[in-house]
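Please look at the sequence and the structure below before reading on. The report that follows takes up a few elements in turn.

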Amino acid sequence: MDVHSLEQAALAAVAAAASTDAIDAVRVEYLGRKSELKLALREVRDRETGMSLNAARMRIESAVDERASGLERAELDRRLIEERVDVTLPVGGHARGRLHLITQIRREVEDVFLGLGYRVVDGREVETTRYNFDALAFPPGHPARSPLQTLFVDDETVLRTETSPSQIRTMESREPPVYIVTLGRVYRRDTPDATHTPVFHQVEGLAVDEGITLADLEGTLDFLLKALFGQNRRTEFRTHYFPFTEPSIEAYVSCHVCDGGGCPVCRYSGWIEVGGAGMVDPQLFEFVGYDPERYSGFAFGWGLERIAMLRHEFPDLRELWRNDLRFSRQF
Ligand code: DAH
């Protein structure tokens, strides 16, 4: 074997290697276990040949190492340039989430009452019949006590049918003056249609103090209605019946579409019904141990879905549950 020409061939191959893969192949071919050089080294018999083979091996090795590290560096440089991320580029196209309409209205109502000095309290969605019906003076045999209308967990436990039980729990846990609102889900055994869903939301308000009158109730609801529907709205209150208020009223707001002139939204009456209210029946005070001679109070309970529907004039309540972004994004 001609060591010199082998070395020349190896160095030429090193110089020609243009990638780390190519230089690895050169290393295997000229320095690997089965390379001509290694085989020759294994068979060497005299010192001189051994020295010259070894010297050639070392020169080839260092040429290969040098070339390999040069190629590695070049490849790294190229990758760094090619794969560079420009962190200053605008991202674009990221959709921003938004709150569900009911959550927006819930927060709006909370803000109105926090501004009036009320507290926002939590209620329970699973209630006993004692709090959901008895304490609120629902007479025995009232249709709401039937499993046809109410979702029972067991004989004495229901999914609350209204937020009103929170009135009782609040009064039991603190002394007057009480100024609270509580907002949350309520449940009724209704078949879903355009104006009913078995789950919906209510806001319940309660004020108990010395000397509270119906005028305080009407003033408060007038304030809330204008905050929700616009300052130019007029309000009207008509008598009604609820087991837990005496007198009971229902609140109406002048139609925001026709301003009271009459249109399909208000069914040509000029007025839109928003929800129930009344002066707290003294029976409730007796239940919680308040002195009915000393204290009086008002309460109201309205549906948030109804407020949403009236304000935004969409015809079907079920839209609020469909999670169709084309609907939700409008608000
Ligand atoms: N709980 C009633 C309902 O769900 C609404 C209501 C009416 C609540 C009058 C009240 C009230 O607090 O005073 O239909």
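## Strand E10 and its partners

Strand E9 (residues 271-280) pairs with E10 in the antiparallel sense over 5 bridges; strands pair if DSSP finds at least two bridges between them. Within this pairing, Gly276 stands opposite Gly301 in E10. Strand E6 (residues 199-209) also pairs with E10 in the antiparallel sense, over 8 bridges. Here Leu206 stands opposite Ala299 in E10.

E10 (residues 296-303) is mostly covered, with 6 of its 8 residues buried, where buried means under 20% relative accessible area (1.4 Å probe, protein chains only). Strands (E, at least two residues) and helices (H or I, at least four) are DSSP runs, numbered from the N terminus.

## Basis of the model

The model is predicted: local features need pLDDT of at least 70, side-chain atom pairs count only at pLDDT 80 or more, and totals for chains, interfaces and linings use all residues. Residues are numbered from 1 along each chain as its sequence is written, and side-chain values use heavy atoms, with hydrogens and water left out.

## Helices H1 and H4

The axes of helix H1 (residues 3-16) and helix H4 (residues 47-82) come within 10 Å and cross at roughly 5°. H1 is therefore roughly parallel to H4, a term for angles under 35 degrees. Axes are lines fitted to C-alpha atoms over the stretch in contact, and angles run from 0 to 180 degrees between N-to-C directions.

Residues making the contact (heavy atoms within 4.5 Å) include Val3, Leu11 and Val14 of H1 and Leu53, Ile60 and Arg67 of H4.

## Domains

An automatic or database assignment divides the protein chain into domain 1 (3-82) and domain 2 (101-328). Their C-alpha centres lie 88 Å apart.

Definitions and conventions. Angles under 35 degrees count as roughly parallel, over 145 as roughly antiparallel, 65 to 115 as roughly perpendicular and the rest as oblique. Buried means under 20% relative accessible area, exposed over 50%, partly exposed in between (1.4 Å probe, protein chains only).
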